[in-house]
Amino acid sequence: MGLYAGSYTGSCLCGGIQYRVDAELAPIQLCHCSQCRKAQGSAFASNSPVAKSSFQLIAGADLLKAYESSPGKRRFFCSRCGSPVYSARDATPELLRLRVGLINEPLPAGPEFHFHTASKANWLAIDDGLPQYAGEYPAAEKTPDA
Ligand SMILES: [Zn+2]
Ligand SMILES: [Zn+2]
């Protein structure tokens, strides 16, 4: 069975966690906050919010662990290989924020903006012309911080 438009698969580094998302992915948001930098081991997190109802974990439920990085906010990761998978907030239980580097298919669009750039790594220059927000992005009250 082939993929249809709006369907994506994701897998962690070891392959133990496999998921499927049946939804059009929202534009990618790049979070430069210090928590995301440490969670990714990189300059930023590449996130796309999706409805939890469109996310299906196919394999690896036993491997998927969460770290509560701030009250009510959990970062889910593979406990075997360490891949960050998604984050979730108690305040928006219907929403997951996928770490899009795990998605296997080409994505339809690139990043939309950078946020929390006030805490970005000093070794990375942002010169792609995308909007930059020092803190949260304007619509964050609807889809809170990564
Ligand atoms: Zn893994
Ligand atoms: Zn962040």
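A residue is called buried here if 20 or more other C-beta atoms lie within 10 Å of its own, exposed if 12 or fewer do, and partly exposed in between, with C-beta atoms placed from the backbone. By that rule, buried residues make up 27% of the 146 residues in the protein chain. Please keep in mind that this is a predicted model: local features need pLDDT of at least 70, side-chain atom pairs count only at pLDDT 80 or more, and totals for chains, interfaces and linings use all residues. Residues are numbered from 1 along each chain as its sequence is written, while chains are lettered from A and ligands numbered from 1 in the order in which they are written.

Let us start with the whole chain. It contains one helix and eleven strands; helices (H or I, at least four residues) and strands (E, at least two) are DSSP runs, numbered from the N terminus. Along the sequence they follow the pattern β-β-β-α-β-β-β-β-β-β-β-β. The radius of gyration of the chain is 15 Å, close to the 15 Å that the globule rule gives for 146 residues, so the chain is as compact as a globular protein of that length. That radius is taken over C-alpha atoms, and the rule is 2.2 Å times the number of residues to the power 0.38. The C-alpha trace spans about 40 × 30 × 30 Å along its principal axes. Two residues are in contact if their C-beta atoms, placed from the backbone, lie within 7 Å. Of the contacts with a separation of 6 or more, 53% are between residues 24 or more positions apart.

Now for the sheets, where two strands pair if DSSP finds at least two bridges between them. Eight strands form an open sheet with mixed pairing, in the order E6-E7-E8-E9-E4-E3-E10-E11. Its edge strands are E6 (64–70) and E11 (132–133), each pairing on one side only. Within this sheet, E8 (residues 84–89) and E9 (residues 95–99) run antiparallel and are joined by three bridges.

Serine 87 counts as buried because it has 28 C-beta neighbours inside 10 Å. Its C-alpha atom is 5.6 Å from that of arginine 74, 13 residues away along the chain.

Histidine 116 lies in the loop between strand E10 (111–115) and E11. Its phi is near 55°, a positive value in a residue other than glycine. With 24 C-beta neighbours inside 10 Å, histidine 116 counts as buried.

A further open sheet has three strands in the order E1-E2-E5, with antiparallel pairing. E1 (7–11) and E5 (55–59) stand at its edges with a single partner strand each, so one side of each has no neighbour in the sheet. E2 and E5 pair over four bridges, and arginine 20 has glutamine 56 in E5 as its bridge partner.

Finally, look inside. A nonpolar core is a set of buried Ala, Val, Leu, Ile, Met, Phe, Trp, Tyr and Cys residues joined through C-beta atoms within 7 Å. The largest has 14 residues, of which Cys12, Ile17, Cys78, Val85 and Tyr86 touch the most other members. E2 (18–22), E7 (73–78), E8 and E9 each supply at least two residues of this core, and E7 gives the most, with three. Leaving out residues up to four places away in sequence, cysteine 12 touches Ile17, Cys78, Cys81, Ser83, Val85 and Leu102. A second, separate core of seven residues includes Cys33, Cys36, Phe44 and Ala45.
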